[in-house]
Amino acid sequence: MQMNKFRMPLFIIATILFGIKTYLVYRFMFDLSIENPLQEFILLINPIASAYLIFAISVWLTPARQMKYLRWTSLIGSLILFINLIFYRNFTDFITIPVLFQGNNAADLTGSFITLLHLQDILLFLDVAIIWYLSKRKFDLSISLPHSGKIAATAVTFLLLAGNVVLAEMERPMLFVRAFDREYLVKNIGVYNYHLYDASMQTKTKAQRVLADGSEISEIESYLDSNSPDGNNKDVPLYGIAEDKNVIFVSIESFQNFLFDSEINGTEATPFLNDLKESKDTIWFKNFYHQTAQGKTSDSEFIVENSLYPLGRGAVYFTHAQNEYHSLPEILNSENYETSVFHSNNKSFWNRDVMYDNLGYDQFYGEQSFEVTPENSFGWGLEDKAFFNQSIKYLKEQKEPFYSKFITLTHHFPFELPEEKANIDQYDSGSKTLNHYFQTARYTDEALQSFFQELKASGIYEDSIIVLMGDHYGISEFHNKAIGEFLGKEINAYEHTQLQRVPFMIHIPGYENGEVREEVVGQIDVKPTLLHLLGINNEEDLTFGDNMFADKGKDFIAMRDGSFVSEKYVFADGTCFDRQSGAPLEEENEEQCTPIKEKVDQELQYSDNIIYGDLFRFYDFGPNEDQ
């Protein structure tokens, strides 16, 4: 076919339309921070390079197949972008292959998905409509090239990709080696090339278990002995104070510390928890950070149960549920505790039915254990007040001492509460999510107050310690403007890190020496701390956490993206801040964060190696193992 020289081939038109569309989404719909002109330039060229890579393949096809290929690839590419955008609005993150295998969670996300849709999302498919229209035979926008021309067109693809990678490495050295932060990957290579990278990483990690031989475990053990020494001994305060007591552990969904002492139109958002954190029977760690990643609530469970870090991609509960672990419930089982989980959701959500069995829980009281009616359920399911009330009968049936974990549901995105159940006004801001957030927090606060009353009435309260912990953030970076207005400050990387503080309270009835603790601690520290309070000296354990009451072996709390908080510094988004003032360090002092950053990266890598290689199958944990 003789191509009219005045007609631009459709694959070039598709590249331009798709590339510009993708850039606009990066720039104005994803909340990607642009710090310098090079980042802006890379953000502009990588969608063009990605689009050309996809559409230039069509030159190898016959004219009829070219049109069909361009139609469907433009649609599929747009769907990938759209799905990433919806995911990003909820989690301020990008989808990974392990997350895609968590598809059975989707049925529970219907309400959240509808909330995340915006009317302007229709525009994401405008270029697709144009491409489909121009692919009609009457426009004749196919192209026929000689073999050398096809090779030349393909070669341009590799030139564009190589240029993109070179610029990315200039802007972010070792981008692919230390890729804890998916935002940096997307900013530098684009969402489509990021997915290709993610696929290669998935293949690599799957091979790690096959190739592992256990030789690395001794190196990790040596590191932990030096950097996370056992503080679980009788010389440390509060050792064994809860010996033989029941442990009631409440994971409070999406609760962040900024809720404490906050008011909406003069009404306290969380009056019960405000009083509890200051009570004489409560120890409150005010600088306690969640450390979750894509697995959110399941990540918080995994960290607490194992004192290992979550994976940077996907959720361990899905990807490595069959691994060998030395979990908290397994250890407590060996000490004659009955262990259980209460969560009014279906057993397969986050693969809990499989993972809980592997971790050693004796009983899982899931959705089928509760009476759920239209009157006592909304949002994600059974409301927290009914959940706690119906759980009391099961607690009373358990053999003491027991360890029982409760996971709440009401205070979950999109934080929607029936008007008749709300006892506080909505906040008034540009963020519907933040506006609702205070109402569901107040409801859960009331549910916790009722739960304490029911524990006292049942006779369980006096023989128990009650641990309250926030599982992860509820308000993502996507709502920084609104939360900044509420707090009266601009939310930069430092302030965002401070917003990752969540409740951690240890309530010990009859203790009377309650205090507010200032140490920087996190979810990684919960397991050794609980064992210390229970008087269980598990010296052979391998954990990345420290007993919160002991002199800490390391001076930082690591986040999954490689950022950290230490007693003196906060490192986030590539910047080192003074923790007390929040001011960025002067350029000549930025190296203060470097030694800690190196340890953070090392710990995350060691923890990943344990999980990906299933290294605990090669380690002897001593008398607690398999009892």
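## Around β12

In this predicted model, isoleucine 283 has isoleucine 506 as its bridge partner in β12. Those two residues belong to a pairing between strand β4 (residues 282-285) and β12, antiparallel and held over three bridges. (Strands here are DSSP runs of E with at least two residues, helices are runs of H or I with at least four residues, and both are numbered from the N terminus; two strands pair if DSSP finds at least two bridges between them.) Strand β12 (residues 504-507) is also joined to β11 by four bridges, again antiparallel. There, leucine 468 has methionine 505 as its bridge partner in β12.

Some ground rules on numbering and confidence: residues count from 1 along each chain as its sequence is written, and because the model is predicted, local features need pLDDT of at least 70, side-chain atom pairs count only at pLDDT 80 or more, while totals for chains, interfaces and linings use all residues. Side-chain values use heavy atoms, with hydrogens and water left out.

## The eight-stranded sheet

Zoom out and you get an open sheet of eight strands, ordered β7-β6-β10-β1-β11-β12-β4-β13, with mixed pairing. The edges are β7 (363-365) and β13 (515-517); each has a single partner strand, so one side of each is left without a neighbour in the sheet. From one strand to the next, the twist averages 15°.

Strand β11 (residues 464-470) is mostly covered, with seven of its seven residues buried. (Buried means under 20% relative accessible area, exposed over 50%, and partly exposed in between, using a 1.4 Å probe and protein chains only.) Ser464, Ile466, Leu468 and Gly470 point one way from β11, Ile465, Val467 and Met469 the other way, and all are buried. Seven bridges tie β11 to strand β1 (residues 246-252), and this pair runs parallel.

Helix α11 (residues 296-306) lies across β1, β10 (402-407) and β11, and runs at about 160° to β10. (Axes are lines fitted to C-alpha atoms, for helices over the stretch in contact, and angles run from 0 to 180 degrees between N-to-C directions.)

## Helix α16 and the cores

What is the span of α16 from its first C-alpha to its last? The helix has 27 residues and reaches 39 Å, close to the 39 Å expected at 1.5 Å a residue. (The expected span is 1.5 Å times one less than the number of residues.) Of the 27 residues of α16, 19 are buried, so the helix is largely enclosed by the rest of the structure.

The largest nonpolar core has 90 residues, and Ile248, Phe258, Leu395 and Leu434 have the most contacts inside it. (Such a core is a set of buried Ala, Val, Leu, Ile, Met, Phe, Trp, Tyr and Cys residues joined through side-chain atoms within 4.5 Å.) Its largest share, nine residues, comes from helix α16 (residues 432-458). Apart from this core lies another, of 83 residues, including Ala242, Val467, Tyr511 and Phe577. Back in the 90-residue core, Phe258 touches Leu434, Tyr437, Phe438, Ile475, Ile483, Phe486, Leu487 and Leu499, leaving aside residues up to four places away in sequence. (Contact means heavy atoms within 4.5 Å.)

Most residues other than glycine have a negative phi, and most peptide bonds are trans. So which spots are worth a look?

- Glutamate 400 and proline 401 are joined by a cis peptide bond, omega about 0°; proline 401 sits in the loop between α15 (384-397) and β10.
- The bond from phenylalanine 413 to proline 414 is cis too, with omega near 10°, and proline 414 lies in the loop between β10 and α16.
- Phenylalanine 415 has a positive phi, near 60°; its place is in the loop between β10 and α16, and it is buried at 0% relative accessible area.
- Serine 307 has a positive phi, near 55°; it is in the loop between α11 and α12 (316-319) and is buried, with a relative accessible area of 0%.

## A four-stranded sheet

Another open sheet has four strands in the order β15-β16-β17-β18, with antiparallel pairing. Here β15 (557-558) and β18 (575-578) stand at the edges with a single partner strand each, so one side of each is left without a neighbour in the sheet. Strand β16 (residues 564-565) is joined to strand β17 (residues 569-572) by two bridges, running antiparallel. Phenylalanine 564 stands opposite phenylalanine 571 in β17.
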